[in-house]
Amino acid sequence: MIPSIDPPDKCPPEFEARVQSVVRELLPRMRADGGGAEIVSVLPGAVTLKLIGVCLFCPSRPMTVKSIEDILKNKVPGLDTVTIIYPELCTATPLVGLG
């Protein structure tokens, strides 16, 4: 009998649960300012978040991103990489063509 092996990109359930718990702790403060975040993926040692709402255009976004990264890394043992994505900014249609 061959033992089942988890795929290499599958993370332990407790790691994913801890990431979800910390993100839930952060959301009330983000929502109070009209923003938020969604978990896109959780892999061993890495998480990808998507900022939503006014977080996309907030002038304090760099500080918010750094704060989210620091909090997650401090509260989730084994988390090395936090990636923040802004897909809405990449797919936005320009209001005025400048070309």
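On a 1 Å grid over the protein atoms alone, a cavity is a set of points where a 1.4 Å probe fits but cannot get out, and lining residues have an atom within 4 Å of a point. Good morning, colleagues. The structure above is a predicted model, in which local features need pLDDT of at least 70 and side-chain atom pairs count only at pLDDT 80 or more, while totals for chains, interfaces and linings use all residues. Residues are numbered from 1 along each chain as its sequence is written, and side-chain values use heavy atoms, with hydrogens and water left out.

I begin with the cavity. A search of the whole structure finds one cavity of 30 Å³ or more. The space in the largest cavity is about 30 Å³, where grid points are joined across faces, edges and corners and a volume is the space filled by probe spheres set on the points. Its lining consists of Val 23, Leu 26, Leu 27, Met 30, Ala 37, Leu 49 and Ile 68. Helix H1 gives the most to this lining, with four residues; helices (H or I, at least four residues) and strands (E, at least two) are DSSP runs, numbered from the N terminus. By class, the lining has seven nonpolar, no polar and no charged residues. Here Ala, Val, Leu, Ile, Met, Phe, Trp, Tyr, Cys and Pro count as nonpolar, Asp, Glu, Lys and Arg as charged, and the others, Gly among them, as polar.

One of the lining residues is Ile 68, which belongs to helix H2. At 5% relative accessibility, Ile 68 counts as buried; buried means under 20% relative accessible area, exposed over 50%, and partly exposed in between, with a 1.4 Å probe and protein chains only. Not counting residues up to four places away in sequence, Ile 68 touches Leu 26, Met 30, Leu 49, Leu 51 and Ile 84, contact meaning heavy atoms within 4.5 Å. Ile 68 and Leu 49 are 19 residues apart in sequence, yet 9.7 Å apart in space, C-alpha to C-alpha.

Let me turn to H2 as a whole. How far apart are the end C-alpha atoms of helix H2? They are 21 Å apart, which agrees with the 21 Å that the 15 residues of H2 (residues 61-75) should span at 1.5 Å a residue; the expected span is 1.5 Å times one less than the number of residues. In H2, Val 65, Ile 68, Ile 71 and Leu 72 are buried. Seen down the axis, the buried residues of H2 fall within an arc of 135 degrees, so they line one face of the helix; the arc is that of the directions from the helix axis to the C-beta atoms. These buried residues pack against helix H1 (13-32), strand E2 (46-53) and strand E3 (81-85). On the face turned away from the buried side are the exposed residues Pro 62, Met 63 and Asn 74.

Finally, two residues in other elements. Thr 48 lies in strand E2 and is buried, with a relative accessible area of 17%. Leaving aside neighbours within four places in sequence, Thr 48 is in contact with Glu 38, Ile 39, Val 40, Ser 41, Thr 83 and Ile 85. Glu 16, in helix H1, is partly exposed at a relative accessible area of 33%. With neighbours within four places in sequence again set aside, Glu 16 is in contact with Cys 11 and Val 42.

Methods:
On a 1 Å grid over the protein atoms alone, a cavity is a set of points where a 1.4 Å probe fits but cannot get out, and a pocket is an open set with protein on both sides within 12 Å along at least five of seven lines; lining residues have an atom within 4 Å of a point.
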